[in-house]
Amino acid sequence: MSSSAAAITFAADQAYHVINMSYASDEVDENGDPLGLGGLSETEEAAVNYAGDKGVLIVAAAGNSNNTEKTYPAAYDNVIALDATDRYDDRASFSSFGKSWVSLLAPGTNIISTVPNELCVFYAEILGLVFDPDSDACLDWYSGTSMASPHVAGAAALVWAHFFSDQLNGPGTCTDGSAVACNEHVRQQLEAGADTIGALGQNMLAWSQHGRLNLAGVLGNVDPPAELAEISDVIDNGAEAVTVSYDYSGNAVLHLQREKLHAKRGVWQSRTTLWSGTSTGSYTDDSGEGTFHYRIGTTLADNSINWGAWSIAVEVSGLSSGGGGGNSGGGKGGGKP
């Protein structure tokens with residue numbers, strides 16, 4: 001890898017918030033000779049992961065091959081890969097695409113861009129025109145996923161400033177209310193706010209995972225879609241205790257509640273919050289005898305709790321010796337994660 005990995009690392013060390021990569025990986029051999037464009041490189045991927053761990057959001061062009069073949073650096077997991085759209089809101093005819101690795105689409109056809117002043121000076125001389133590099137702008141129209149990628153990089157910067165205006169000093173320490181890193185929060189916002197249906201009814205999910213960039217839709221969101229915890233199993237341990245297992249890989253504070261079924265009236269009662277804390281994957285409840293069910297809630301950014309559905313009921317037996325009968329009146333409520 002020639003300069004890509006070094007540039008990514010440098011930007012991360014300088015506390016850049018967003019990196020745009022409008023290029024394909026330029027892998028070289030031990031002599032510095034190019035091996036081709038767009039291939040996977042462990043060195044470059046390590047640099048991308050290093051930047052992601054330091055809080056940087058990374059965006060890259062998916063390529064202009066009009067096929068689903070992965071192009072790097074866009075195809076690394078920690079990179080938002082971009083397709084290009086045309087003026088009709090279709091996928092541009094040249095754009096690489098793929099639901100398995102391309103995250104979003106953005107305009108990438110006939111996009112006005114700055115070019116080196118030397119080029120305008122050159123053409124001005126040929127055409128007999130005057131170009132003053134001190135006062136005139138050298139612009140041209142270009143097409144490619146390299147033009148789509150900066151749209152999303154710029155949108156990411158705006159979203160970051162919109163949601164985290166008080167945390168702009170450095171990306172590495174920036175988190176949302178649920179302790180999610182800001183670069184992950186911004187990516188979730190960009191993907192959740194995307195349009196899945198195009199201006200003429202196109203299915204944007206045929207070409208990408210999330211659809212076409214919609215910055216207005218992103219800025220209209222209050223919170224990213226929360227990752228919710230779900231109970232996966234409840235097991236009677238046979239000793240007046242229940243083990244509740246749940247699935248969750250986020251960082252939010254979770255809350256576990258229990259209700260007991262009234263044996264005579266057949267209604268759920270005695271709702272109790274057993275535990276609040278970060279994810280451990282399971283909790284053992286010293287419930288006592290009876291019939292119980294459980295639910296788990298996820299703390300959202302506004303500190304409200306999004307409760308999941310109640311689990312199936314579990315009938316808890318006493319000890320095999322017949323002891324423990326004194327615990328039948330609603331459960332002991334003890335336990336441990």
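This is a predicted model: local features need pLDDT of at least 70, side-chain atom pairs count only at pLDDT 80 or more; totals for chains, interfaces and linings use all residues.
Student: What makes Asp195 and Arg212 a salt bridge?

Tutor: Their closest N and O atoms are 2.8 Å apart. The cut-off is 4 Å between a side-chain nitrogen of Lys or Arg and a carboxyl oxygen of Asp or Glu, so the pair qualifies.

Student: Why can such side chains pair at all?

Tutor: Side chains of opposite charge can pair when their charged atoms come close.

Student: Which parts of the chain does the pair of Asp195 and Arg212 tie together?

Tutor: Asp195 lies in the loop between α5 and β9, and Arg212 lies in strand β9, so the pair ties together parts that are 17 residues apart in sequence.

Student: How do you know whether Arg212 is buried or exposed?

Tutor: Look at its relative accessible area, which is 13%. Buried means under 20%, so Arg212 is buried.

Student: And why is Asp195 called partly exposed?

Tutor: Its relative accessible area is 23%. Partly exposed runs between the buried limit of 20% and the exposed limit of 50%, so Asp195 belongs there.

Student: How many salt bridges does the structure hold?

Tutor: It holds five. One of them joins Glu259 and Arg271.

Student: What makes Glu259 and Arg271 a salt bridge?

Tutor: The N to O distance is 2.8 Å. That is within 4 Å, so the pair meets the cut-off. This pair links distant parts of the chain, with Glu259 in strand β12 and Arg271 in strand β13, twelve residues apart.

Student: Is Glu259 buried or exposed, and how do you know?

Tutor: Glu259 has 7% relative accessibility, which is under 20%, so it counts as buried.

Student: What about Asp285 and Arg258?

Tutor: They form a salt bridge too, with the closest N and O atoms 3.0 Å apart. Asp285 sits in strand β14 and Arg258 in strand β12, 27 residues apart. Both Asp285 and Arg258 are buried.

Student: Let's turn to pockets. Which residues lie nearest the centre of the second largest pocket?

Tutor: Gly52, Asp53, Val56, Asn183 and Glu184 do, out of 15 lining residues. The helix α5 gives the most to this lining, with three residues.

Student: Which classes of residue are found in that lining?

Tutor: The lining of the second largest pocket has six nonpolar, six polar and three charged residues.

Key: Residues are numbered from 1 along each chain as its sequence is written. Side-chain values use heavy atoms; hydrogens and water are left out. Helices (H or I, at least four residues) and strands (E, at least two) are DSSP runs, numbered from the N terminus. Buried means under 20% relative accessible area, exposed over 50%, partly exposed in between (1.4 Å probe, protein chains only). On a 1 Å grid over the protein atoms alone, a cavity is a set of points where a 1.4 Å probe fits but cannot get out, and a pocket is an open set with protein on both sides within 12 Å along at least five of seven lines; lining residues have an atom within 4 Å of a point. Ala, Val, Leu, Ile, Met, Phe, Trp, Tyr, Cys and Pro count as nonpolar, Asp, Glu, Lys and Arg as charged, and the others, Gly among them, as polar.
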